[in-house]
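Please consider the sequence and the model shown below. The paragraphs that follow lead through strands, helices and charged side chains in turn.

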Amino acid sequence: MTKTILITGSTDGIGLLTAQKLAADGHRVLIHGRSVTKLETAAVEIEGAVETYCADLSDMAAVKTLATELRAKHDRLDVLINNAGVLKTPQPVLENGQDIRFVVNTYAPYLLTELLLPVIPQEGRVVNLSSAAQAPVNVAAMQGNLAMTDMDAYAQSKLAITIWTREWAKHLPDGPVMVAVNPGSLLASKMVKEGFGVAGNDLSVGADILIDAALGARFADKSGAYFDNDSGAFADPHSAALNASHAAEVMGTIQSFVRANS
């Protein structure tokens with residue numbers, strides 16, 4: 001059955017390869033990126049049924065516009081893959097003082113999911129990109145009140161998206177399924193090459209698990225779960241995500257930010 005699937009950050013890397021594989025299987029793929037030129041190039045590479053959407057996810061107004069554009073064209077979105085992410089960038093602090101890693105990796109996917117949830121059916125899925133790199137969240141940093149190193153900000157933003165995946169899923173017992181996935185460490189993406197200076201491992205490792213999470217039977221009853229593709233199994237995330245008070249503090253911070261910027 002043909003599905004309509006949105007993948008953020010899909011002009012290169014895991015996102016692009018996932019889109020190519022899904023389109024080759026006959027699904028309608030909606031790709032997102034920050035550059036019209038890159039989107040046009042990606043659409044040619046993907047072939048099949050593909051639509052392009054341009055938005056800067058570091059700008060919450062752009063996230064809202066993106067959601068409006070998507071809902072104007074689609075009254076049903078079967079799968080949302082929140083793949084877009086930032087590790088290193090020349091300007092990690094935005095004009096509003098926020099760290100771009102928390103904004104793009106945590107806040108933007110939360111807001112986008114919230115705005116698209118009305119068109120995601122109960123049998124649909126939200127797949128969030130987590131990471132093996134996870135660390136307890138410093139709420140002051142998350143609020144833009146403390147400067148962070150690249151890796152600290154990235155690891156904390158990835159635990160934060162894992163936390164909101166777990167916590168939000170508890171409030172949606174009838175679906176859609178929400179899962180957080182570490183697609184695999186040091187895969188051959190632009191982020192890994194720029195962040196760690198290594199070529200990286202086969203991207204198909206990451207693309208294949210995202211497709212499994214989006215469509216596969218073993219994820220159908222795993223809402224709120226974290227899948228660690230390094231071990232090839234569902235697993236507990238960092239212990240901080242299992243701490244109720246820490247999770248509540250992170251969720252409160254996310255919700256306050258989203259309310260103030262939506």
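Is Glu51 buried or exposed? Glu51 is buried, because its relative accessible area is 17%, where buried means under 20% relative accessible area, exposed over 50%, and partly exposed in between (1.4 Å probe, protein chains only). The model is predicted, so that local features need pLDDT of at least 70 and side-chain atom pairs count only at pLDDT 80 or more, while totals for chains, interfaces and linings use all residues. Residues are numbered from 1 along each chain as its sequence is written, and side-chain values use heavy atoms, with hydrogens and water left out.

Glu51 takes part in a salt bridge with Arg28, the closest N and O atoms being 3.5 Å apart; a salt bridge is a side-chain nitrogen of Lys or Arg within 4 Å of a carboxyl oxygen of Asp or Glu. This pair joins distant parts of the chain, with Arg28 in strand E2 and Glu51 in strand E3 (residues 50-54), 23 residues apart. Helices (H or I, at least four residues) and strands (E, at least two) are DSSP runs, numbered from the N terminus. Arg28 counts as partly exposed because its relative accessibility is 34%.

The strand that holds Arg28 leads on to the pairing of strands. In E2 (residues 28-33), 5 of the 6 residues are buried, so the strand is largely enclosed by the rest of the structure. E1 and E2 pair in the parallel sense over 4 bridges, where two strands pair if DSSP finds at least two bridges between them. Thr4 has Arg28 as its bridge partner in E2. Strand E1 (residues 4-7) also pairs with E4, in the parallel sense over 3 bridges, and there the partner of Ile5 is Val79. E4 in turn pairs with E5 in the parallel sense over 4 bridges, with Ile81 opposite Val127 in E5.

In a regular strand the side chains alternate between the two faces of the sheet. Strand E4 (residues 79-82) is covered on both faces: Val79 and Ile81 on one side, and Leu80 and Asn82 on the other, are all buried.

Strand E5 (residues 125-129) contains Arg125. Which side chain of opposite charge is nearest to Arg125? It is Asp212, 6.0 Å away, and the buried Arg125 has no salt bridge; Lys and Arg count as positive and Asp and Glu as negative, while His and the chain ends are not counted. A polar atom of the Arg125 side chain does lie 2.7 Å from the backbone oxygen of Gly216.

In the loop between H4 and E5 is Glu123, and in the loop between helix H3 (60-73) and E4 is Arg76, 47 residues apart. Their side chains meet in a salt bridge (3.1 Å, N to O), and a network of salt bridges links Arg76, Asp78 and Glu123. Glu123 is exposed, because its relative accessible area is 54%.

Helix H4 (residues 100-116) has 17 residues and reaches 22 Å from its first C-alpha to its last, close to the 24 Å expected at 1.5 Å a residue; the expected span is 1.5 Å times one less than the number of residues. H4 bends by about 35° at Tyr107, and Pro109 follows within four residues; the bend is the angle between axes fitted to the seven residues ending there and the seven starting there. Of the 17 residues of H4, 15 are buried, so this helix is largely enclosed by the rest of the structure.

Methods
Polar contact = N/O pair within 3.5 Å; in protein donor to acceptor, adjacent residues only side chain to side chain.
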